[in-house]
Amino acid sequence: MSILDKETEEHSAAASQSLLLQRGANESNSLQTKSKIDLFTGAELVLESLKALGVKHIFGYPGGSVLDIYDALLGQEDIEHILVRHEQAATHMADGYSRSSDEVGVVLVTSGPGATNCVTGIATAYMDSIPMVILSGQVATHLIGDDAFQETDMLGCSRPIVKHSYSCRDVESIPAVIAKAFHLARSGRPGPVVVDLPKDKLATQRIYPFCMPEEIKIRSYSPTIKGHTRQIKKAAEALAVARRPVIFAGGGVILANASSQLEQLTECLDAPVVNSLMGLGSIPGEHPNFVGMLGLHGTFEANKSMANADVILALGARFDDRVTNSTNKFCPQATIIHVDIDPTSISKNIKAHIPVVGSIDVVIPQLLNALKKSSFSTDPDDRKDWWQQIKSWRDRQCLAYEKNGDNIKSQQVIESIYRVTNGDAYITSDVGQHQMFTALYFPFKRPKQWINSGGLGTMGFGLPAAMGVKLARPESDVVCISGDGSIQMNIQELSTCLQYGLPIKVVILNNRNLGMVKQIQDINYDGRHASVYMESLPDFVKLAEAYGHIGMRVTCPQKLEQALEEAFAHKNKLVLIDVEVEEHEHVFPMQKKLGAIDDMWLAKGVDR
Amino acid sequence: MNEQTILSILLENEPGALSRIVGLFSQRAFNIESLTVAPTDDKSLSRITIVTSGDHQIIEQITKQVNKLVDVLKVSELNNMAHIERELMFVKVNAKTPEARDEIKRTADIFRGQIVDSTNQLYTVQLSGKKDKLNAFIRSIRRQSDIIEIVRSGCVAIARGAQSLSV
Ligand SMILES: Cc1ncc(C[n+]2csc(CCOP(=O)(O)OP(=O)(O)O)c2C)c(N)n1
Ligand SMILES: [Mg+2]
């Protein structure tokens, strides 16, 4: 036994002494036997708190500082721990779990390398406002600052990429701290919250009662939910007189579970709806008013509609640079109404004329009410010209592509996946051309169906995210659409899939290249291909088999759909389908650098 | 227009709270001209005064971002209201000859400064006031003697009248 452990014991013994004094001698027996009032160790308090919060799964990887929690996990059945193969994957799994459900994904990792391995996943969740709680082990309190074995300042490392973080300073406060972490993670603008747990606060005697606050109050935190009446009125007035309105729906609509309200508003205004990459699924992809994704690889009609709008109603979107193109050329004619629960998102990149701070699910009904009060009604004739114009842009068929060659086109694969899954599957993706093809060619039917790393653009996200989705949605088909580059960034998780029997489908759009990088090099670097060719790709089929799954390879267009049917027929097996796709395909449409939102190429060398 | 702005921030007196503020400024490339922090009469709260600069849009973003930090209770932009601001400074100067000593003493008097430490080689002058006054004093004294060391507290400020920053 090291000095460390001894000191911890002494510390706990002293604590139990003082507790004894407080409680009086008649309760002293329960200190040994955990009978009358249940008493717990610090580690047990962590699990009790999670149980009380309804947690069913945690994603993690053990190590010295959290072994007490792992030990406590053995004695219970309420929480299933999913043992990953790399902590980064644990964060993406928790992330996929959150994105596809109303739960908060939970991660448990050890101090030092376990914690730092989470950084990419935390940043990914942070950029897309995904609720997550990360329980990271820490060296014992008295060692903090000594460069102890496996010590890192996790609060410092994660500070710029979390909504908030806590360190547990006393054992009794563990339940309250965890409850606060969950509250912060999922309320307001959601985000990841780190809870640092020093070993000595976990490895204690069983002397602590469990008491969880009924209601969480944080005096310095109260997100604005309801839109300000005056702002709502102004917004409604602007919408009522709009001739060419556009609704720009972002990920905030999905996070606020406000899709049905969005549809109501869309129909009330008879306005076209465009989505950011994160907003896809907030309105059905087949909805007649949906004109597509916006931005860098957005549809011609979506970018055109924005550029020509007289009123833009942005809902839970943050005018990211991949949407706006040059901000100084952004939609000069439009009055911009910007609704967001986070005031910092408003007028950060694009100045809003009518800012409304509030939760989308509350603000839309407020807007509808205000419109009703002003006896607003859309005459179909009012919108005729606008829809006529949009139709002319749609007629350009910006997503048309040549599909009769010898090679499989990526676009075709996405369309086939849609057909084979009846468009119902949850789709995760990695980052690259395959991601953009998926966003453009899969008309998502419902919110939370499309799961991708939009803000950070994290390669390696897709596979673990799909696993998290499968655990949250075991009844549904879950497909990870990946690239030959991205899949290798967390491929070790195929092993986790075997252990927990996660029958997801992995489709690799294998173009033997870091395709998206190559595309940029083709366009902006005169085709100088620096480090994009994957010279020594593994045999993905054998790799799948080595991990105990089914691997398939498809190389010819005629066999594609049949192969996918076959793969999806394996309900209880993970199938990895390596699809050899056209190597030199580019993603189009594409905005021109430094241009306006609608300055774009529709195909190689084809200007709008 | 890059204007100087004084922000008063009331936040939880928690470990890590200050690092979140400072981190936010560096992370988002906001400017910090000066920063002071100390607990308030309520021990659970700290008060920070930050002098920053930027155009209107940047200042708006800074205030919103600071406000968004979970530890922060209140932010106020003191430039928007009548306020009092002060900074404290110590200046250590060479004062070896009787003439130099007289001259420094006279200048300090003019600026309502005090000599708070003295050896036969040097004086330490204490001065408080707005930044401009402190700068003017430094310019004057530099003409008369060698400055050995300067330390400034950074600005603290408070609104005039009934306005107050409290929970
Ligand atoms: C972790 C990480 N590193 C680097 C990048 C930069 N990057 C963006 S797309 C891409 C290529 C992806 O290649 P692949 O997964 O094969 O997809 P493809 O574009 O070929 O469909 C790279 C390297 C990134 N997004 N994430
Ligand atoms: Mg590729």
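Reader: In what order do the elements of chain B run from the N terminus on?
Author: First, the ground rules: this is a predicted model, where local features need pLDDT of at least 70 and side-chain atom pairs count only at pLDDT 80 or more, while totals for chains, interfaces and linings use all residues. Residues are numbered from 1 along each chain as its sequence is written, chains are lettered from A and ligands numbered from 1 in the order in which they are written, and side-chain values use heavy atoms, with hydrogens and water left out. Helices (H or I, at least four residues) and strands (E, at least two) are DSSP runs, numbered from the N terminus. In chain B the order is β-α-β-β-α-β-β-α-β-β-α-β-β, which comes to 4 helices and 9 strands. The C-alpha trace of chain B spans about 55 × 40 × 35 Å along its principal axes.

Reader: Okay, now ligands. Which residues come nearest to ligand 1?
Author: A residue is near a molecule if one of its heavy atoms lies within 4 Å of it. Ligand 1 has 17 residues around it, and A:Gln433, A:Gly457, A:Ser486, A:Gly515 and A:Met516 come nearest. The helix α22(A) gives the largest share of this shell, 3 residues. For residue types, Ala, Val, Leu, Ile, Met, Phe, Trp, Tyr, Cys and Pro count as nonpolar, Asp, Glu, Lys and Arg as charged, and the others, Gly among them, as polar. By that scheme the shell holds 6 nonpolar, 10 polar and 1 charged.

Reader: Which backbone atom lies 2.7 Å from an oxygen atom of ligand 1?
Author: That's a backbone N or O atom of A:Gly515. For A:Gly485 the distance to an oxygen atom of the ligand is 2.9 Å, and for A:Asn513 it is 3.0 Å. On its own, ligand 1 has 580 Å² of accessible area (Shrake-Rupley method, 1.4 Å probe), and the protein covers 76% of that.

Reader: And which protein donors does the magnesium ion have?
Author: Donors are N, O and S atoms within 2.8 Å of the metal (3.2 Å for Na, K and Ca), and since water is not among the atoms, sites may look incomplete. Here they are A:Asp484 (OD), A:Asn511 (OD1) and A:Asn513 (O), 2.1 to 2.4 Å from the ion, which is ligand 2. Along the chain their spacing is D-x26-N-x1-N. A:Asp484, in the loop between β17 and α21 of chain A, and A:Asn511, in the loop between β18 and α22 of chain A, are 27 residues apart, and the pair links distant parts of the chain.

Notes. A polar contact is a pair of N or O atoms within 3.5 Å; within protein, one must be able to donate a hydrogen and the other to accept it, and residues adjacent in sequence count only if both atoms are side-chain atoms.
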